Amino acid sequence: PWALGAFALALSPRRYLWHHTLAGACFAVAVLTKETAFLLAPVLLLAIAGRAEPALRRLSLVTASVSFAFVAGLYPLYALCRGELFPSAGKVSLMAALQWQFIARRGSGSLLEPSSQRYATVSRWLHHDRELILAGIVAALVLLASRRLRPIALAVLIPALWVLRPGGYLPAMYVIGVLPFLT
């Protein structure tokens with residue numbers, strides 16, 4: 001919901017600067033909630049740039065980025081205050097968790113390998129709602145032609161390309177972040 005809120009604010013027909021500032025803050029909460037939402041950052045910036053008043057485009061991008069950095073930066077600051085930013089004996093650590101999440105975690109294999117976890121995950125998604133996923137991807141390809149709807153199309157296609165990449169971990173719930181853009 002936070003990513004969806006960020007996009008609703010960024011694509012609002014009323015081109016207020018505070019909408020873009022709040023979109024950055026909402027997007028930070030989305031990323032803090034689920035790190036994979038960060039894949040949509042370029043799409044959100046494109047949406048803001050496309051909807052901002054031309055004279056305020058740069059300012060809109062800066063305020064969205066600053067509000068994102070401020071809100072997202074509160075979490076590492078909180079971890080630092082609690083002594084949980086860096087690894088230490090007997091304590092959880094934000095840096096160790098991020099290192100495991102993005103570097104050390106075992107990958108899901110290739111989508112081309114029927115025995116891989118990635119193949120099984122995508123198969124489950126398609127089993128539950130094949131039409132929505134496939135029709136949504138086809139619709140996103142068509143929407144690329146529309147300048148106004150291109151951010152929505154990219155919000156579907158970038159995560160879809162991420163699924164196709166070999167290696168890396170693919171969470172089973174990854175599809176949930178894309179569902180609002182598929183409908």
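**View 1. Helix 2 and helix 3 lie roughly antiparallel to each other.** That label is given to angles over 145 degrees, and the two helices, residues 17-33 and residues 41-51, pack at an angle of about 170° with their axes 11 Å apart. Axes here are lines fitted to C-alpha atoms over the stretch in contact, and angles run from 0 to 180 degrees between N-to-C directions. The model is a predicted one, where local features need pLDDT of at least 70 and side-chain atom pairs need 80 or more, while totals for chains, interfaces and linings use all residues. Residues are numbered from 1 along each chain as its sequence is written, and side-chain values use heavy atoms, with hydrogens and water left out. From helix 2, H20, A23 and F27 meet A41, L44, I48 and R51 of helix 3; contact means heavy atoms within 4.5 Å.

**View 2. The whole chain, for orientation, has eight helices and zero strands.** Helices are DSSP runs of H or I with at least four residues, strands are runs of E with at least two, and both are numbered from the N terminus. The C-alpha trace spans about 50 × 50 × 20 Å along its principal axes. Of the 183 residues, 34% count as buried, meaning under 20% relative accessible area, while exposed is over 50% and partly exposed lies in between (1.4 Å probe, protein chains only). Among contacts between residues at least 6 apart in sequence, 57% join residues at least 24 apart.

**View 3. Helix 3 carries a set of buried residues.** These are A41, V43, L44, A47, I48, A49 and R51. Look around them and you will find their packing partners: helix 1 (2-10), helix 2, helix 4 and helix 7 (150-164).

**View 4. A30 sits in helix 2.** At 7% relative accessibility, A30 counts as buried. Beyond its neighbours within four places in sequence, A30 is in contact with W2, A3 and A37.

**View 5. V163 belongs to helix 7.** V163 is buried too, with a relative accessible area of 8%. Leaving aside neighbours within four places in sequence, the contacts of V163 are R118, V122, W125, L170 and Y174. Between the C-alpha atoms of V163 and Y119, 44 residues apart along the chain, the separation is 9.8 Å.

View 6. Helix 4 (57-81) and helix 5 (94-104) are the elements that give two or more residues to the patch. F102, in helix 5, is exposed at a relative accessible area of 56%.

**View 7. E84 and R82 form a salt bridge.** Their closest N and O atoms are 3.3 Å apart, and the rule asks for a side-chain nitrogen of Lys or Arg within 4 Å of a carboxyl oxygen of Asp or Glu. The count by this rule is one salt bridge. E84 is buried at a relative accessible area of 18%, whereas R82 is partly exposed at 42%.

Conventions
Parallel < 35°, antiparallel > 145°, perpendicular 65-115°, else oblique.
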